[in-house]
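Subject: Structure handover

Hello,

Here is the structure I said I would pass on. Please open it first and keep it on screen while you read the notes below.

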Amino acid sequence: MKHLLAKISFIILTFILFISCNAIKRVQSDELLLKENTIFVNGEKLKEVRIYNQLYQKPNAKLLGVPIQLHIYNLAKPYPDSTFQNWLHKKPNREQRLINIYSRKQVVKLGQSYVKINEGIKKAGEAPVIIEQELTKKSVNRLKAWYFNNGWFNAETSYEIEPLENRKGKVDYFVTSHKPYIVDSIRKRIPSLVIDSLYDAYKNESIIKSGIQYRTLDYNAERDRLTRIFRNNGVYYFDQEYISFEADTIDTNYKVNTTVIVNNRQVDQGDSTARVPFKIHKISQVNVFTDYTFDNRYKPVTDSVQYKGYNIYSFDKLEYKPRAITDAIFIRPGEIFKDTDRTRTYNRMSSLRVFKYPSIEYTPDPADSTNTDLVANIFLTPQQKYSLGFDFDISQSNIQEFGVGFGGSLLIRNIFKGAENFEISGRGSIGSSSDAARGSSNDRFFNISELGADIKLTFPRIFLPFNTEKFIPKFMSPFTSLSLGVSAQNNIGLDKQNLNTILNYRWTPSRSISKRLDLLNVQYVRNLNTDNYFNVYRNSYSNLNEIVQSPEVVTSPTYLDGEGRLIIPGGAENFIRDVTTGDPQTSGLSLTQSQEVNNISERKNRLTENNLIFASNFTYLINNKENLYDNDFSRFRFKMEAAGNFLAAVSSLAGLKKNDQGNYSIFGVNYSQYVKTELDYIKHWDWGNKNIFAIRAFGGAAIPYGNANSIPFIRSFFAGGPNDNRAWQAYDLGPGSSGGRNEFNEANMKLAFNAEYRFNLIGALNSAIFIDAGNIWNVLDIVEDEAATFTSLADLKDIAVGSGMGLRYDFNFFVLRFDAGFKTYDPSLPMEERWFKNYNFANAVYNVGINYPF
């Protein structure tokens with residue numbers, strides 16, 4: 001053992017020495033490799049990343065303290081072309097021998113390939129960061145500018161380059177900030193009466209306030225704020241270049257006396273320019289061209305209509321109801337000019353999916369002698385009325401080894417001439433799964449399949465019998481959708497038929513907030529092959545056979561096959577019936593065994609029963625992510641769903657009779673009744689240089705009541721998988737400490753927490769280190785198993801913890817992800833064995849996914 005430790009220590013030491021020497025391989029004798037930057041502010045070491053980001057030179061990126069990319073760069077030859085030529089001519093006959101074997105052209109290509117390989121290695125790596133005095137001076141000036149722009153006008157900056165051993169060095173930056181300047185008085189110099197009155201009306205909202213420390217960004221933000229105010233209050237010709245600020249700091253005792261200056265409008269008058277006061281402009285006409293294209297720009301208008309003051313024109317026959325057009329336009333005749341009206345019109349027209357991105361132009365009204373009226377011309381270019389789409393994909397998952405999916409869709413735009421869209425789509429898939437039920441095409445490669453079809457009609461308004469404009473105005477882009485879908489599955493489950501219909505409303509109060517109300521969400525699920533239950537859920541079947549084969553247990557021989565195992569389905573179902581009803585034909589079970597059979601019976605009944613879900617739900621989403629490349633954002637989602645209340649009221653009022661189980665039935669199905677809540681929070685922090693820290697917290701519960709004592713399988717929660725706790729496969733974790741004894745483990749309560757640190761490795765290849773925690777439990781439902789239920793806060797000890805690492809390759813339009821999760825804390829094990837018991841590669845779970853998990 002001692003010799004082994006000595007060898008390991010020697011290998012590690014050798015590796016450290018190798019990478020230490022290799023780091024300066026491309027550093028000349030008169031150069032220094034930048035090892036560290038340190039900023040001292042008033043004698044104290046600074047740690048703020050945002051200030052270190054002001055420096056022009058930063059040390060080579062490191063992973064676990066090792067500059068991997070630098071070492072990769074150093075593997076490449078600095079002059080590969082010369083290196084190849086030297087090798088080629090090192091021996092007199094080498095070049096000719098290669099030409100004889102291959103050809104002169106192939107030898108040239110060999111040299112080109114050698115060069116490309118080295119260039120690829122350089123591109124994948126990172127060149128050594130050599131300390132350059134000029135860049136260091138620029139960093140000093142940039143630091144000074146940063147402190148100046150944040151109120152330290154008298155800040156002093158300097159630097160010192162400190163050589164270290166092995167041709168390395170560090171740079172210390174020194175900042176003496178002195179006392180910061182505080183905003184004091186705020187005055188104005190605005191000659192235009194219109195602008196002056198608008199400034200006074202909104203000055204209480206000013207970003208620049210007396211008593212706060214000076215920040216240049218505040219002044220920039222104030223300029224943007226004033227520009228928005230003026231342009232949204234009729235001042236069409238205003239631009240932010242008319243706004244400037246004077247900051248007086250002479251003999252003010254560290255105070256900034258600010259003057260806000262808004263100059264008059266500059267106009268051309270012949271060969272000279274003049275300054276004239278700004279005016280308020282209003283919209284006198286709105287002309288809408290519904291079928292504008294470049295080819296028909298000079299054609300005469302052949303159809304037109306006036307509607308609520310709008311002039312609507314068409315070069316061919318008008319194909320749209322006037323209301324459908326005007327409802328999407330926020331620029332109104334007779335109202336003042338507003339920039340927001342133009343922006344909202346752009347957004348709304350684009351969201352209809354009927355027109356391409358519109359063009360909006362304003363021109364002075366020639367009939368107005370005061371030069372304050374504007375004519376708004378809106379040019380709309382229709383998209384094709386019919387659009388066909390096809391898709392095809394190949395997939396793999398924890399359950400499905402191989403799958404092929406295909407589908408097609410037809411979109412009909414403006415179907416009723418009111419900008420409504422009608423969509424018809426079909427989909428299908430075939431796949432191969434070793435988990436497919438025994439006896440159901442298990443001898444074929446493609447042994448699972450699904451077919452489905454959907455129709456959807458979308459209206460660009462809230463479709464209700466009363467006016468919703470007061471609380472959902474049209475600038476919130478309201479839509480109503482009515483959809484109907486059917487599907488049939490011949491799959492690893494019990495083979496299902498699914499019928500669902502949804503009536504939903506969605507609207508967007510602001511850029512970051514969206515809301516959705518499913519007024520009607522009806523789903524009917526019919527299980528076609530319930531006799532196959534024990535072929536699918538083999539663990540339950542095995543548990544029953546263990547009980548049957550106990551010496552004390554006596555049951556009817558007709559329930560068993562020649563090997564003493566329960567016959568599927570009749571034998572297993574008769575055995576369960578005997579135990580649950582107390583039939584003397586089966587006896588000798590212990591209390592524990594009887595409880596186990598009851599648990600299996602309850603789960604079987606729940607998973608094989610048909611479901612009728614008549615629900616309504618509301619979703620509230622806040623997402624402040626600016627764009628696809630924004631890595632510093634938060635997202636919060638709240639969802640509330642209630643099911644069965646309407647049917648319960650109808651059943652009671654209609655005087656329907658309850659069945660033997662004390663439940664109401666509709667079309668022979670006990671409808672579900674429950675309330676379900678979900679909370680989901682995601683936060684990302686961008687630490688710079690492609691370093692991102694992300695967290696997620698999720699909590700959900702679905703409580704049955706009234707006509708139900710359990711939650712339908714399709715509305716329950718599961719844990720594990722590539723987007724959840726990655727140390728367990730999907731449906732393998734929980735409930736509670738039960739150990740995932742079933743094939744598809746689910747429950748009606750869930751907690752999940754994730755934390756992930758993402759960083760760059762090489763080029764487009766990124767990596768991550770993560771910790772996942774969470775579990776599912778049963779609460780307030782029919783399940784009585786103590787290991788699977790949540791009864792008090794003490795059950796939080798059953799939260800599973802997984803950790804691991806992963807690789808992600810960024811293709812720009814999507815990310816291919818590979819994660820390895822290790823069971824760090826396994827609640828299914830005895831309490832003293834839960835930590836790191838199976839923390840090894842043999843028990844690791846490998847996940848492949850598209851894009852980030854959260």
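In which helix does Thr326 lie? Thr326 lies in helix α10, residues 322–326; helices (H or I, at least four residues) and strands (E, at least two) are DSSP runs, numbered from the N terminus. Thr326 is buried, with a relative accessible area of 6%. Here buried means under 20% relative accessible area, exposed means over 50%, and partly exposed is in between (1.4 Å probe, protein chains only). Leaving out residues up to four places away in sequence, Thr326 touches Tyr307, Tyr310, Ile312 and Lys474, where a contact means heavy atoms within 4.5 Å.

Before the rest, some notes on how to read it. This is a predicted model, in which local features need pLDDT of at least 70, side-chain atom pairs count only at pLDDT 80 or more, and totals for chains, interfaces and linings use all residues. Residues are numbered from 1 along each chain as its sequence is written, and side-chain values use heavy atoms, with hydrogens and water left out.

The chain as a whole

The protein chain has 16 helices and 32 strands. Its radius of gyration is 36 Å, whereas a compact globule of 854 residues would have one near 29 Å. That radius is taken over C-alpha atoms, and the globule rule is 2.2 Å times the number of residues to the power 0.38. The C-alpha trace spans about 110 × 90 × 70 Å along its principal axes.

Of the 854 residues, 43% count as buried. Among contacts between residues at least 6 apart in sequence, 64% join residues at least 24 apart. The protein chain has 100 positive and 91 negative side chains, and the centres of the two sets lie 5 Å apart. Lys and Arg count as positive and Asp and Glu as negative, while His and the chain ends are not counted. The place of a charge is taken as NZ of Lys, CZ of Arg, CG of Asp or CD of Glu.

Strands and their partners

Strands of a sheet pair through backbone hydrogen bonds, either parallel or antiparallel. Two strands are said to pair here if DSSP finds at least two bridges between them.

Strand β1 (residues 33–41) runs parallel to strand β4 (residues 168–176), and eight bridges join them. Ile39 stands opposite Tyr173 in β4.

Strand β7 (residues 255–262) is mostly covered, with seven of its eight residues buried. Strand β5 (residues 182–189) pairs with β7 in the parallel sense over six bridges, and the bridge partner of Val183 in β7 is Val256. Strand β6 (residues 243–248) also pairs with β7 over six bridges, but in the antiparallel sense. There, Ala247 stands opposite Thr258 in β7. The hairpin of β6 and β7 has six residues between the strands, and Asp251 takes a positive phi near 50° in it.

Strand β31 (residues 815–825) is mostly covered too: nine of its eleven residues are buried. Strand β30 (residues 800–810) is joined to β31 by ten bridges and runs antiparallel to it. In their hairpin, which has four residues between the strands, Asn812 takes a positive phi near 75°. Strand β32 (residues 845–850) also runs antiparallel to β31, with six bridges joining the two. Look at Phe818 in β31: Phe818 is the bridge partner of Leu807, and Phe818 stands opposite Val848 in β32.

Two tyrosines in loops

Is Tyr242 buried or exposed? Tyr242, found in the loop between α9 (216–231) and β6, counts as buried at 9% relative accessibility. Its contacts, not counting residues up to four places away in sequence, include Tyr237, Ile261, Val262, Arg275 and Phe278.

Tyr292 lies in the loop between β10 (282–289) and β11 (303–307). Tyr292 is partly exposed, with a relative accessible area of 23%. The C-alpha atoms of Tyr292 and Asp316 are separated by 9.9 Å, and the two residues are 24 apart along the chain.

Regards
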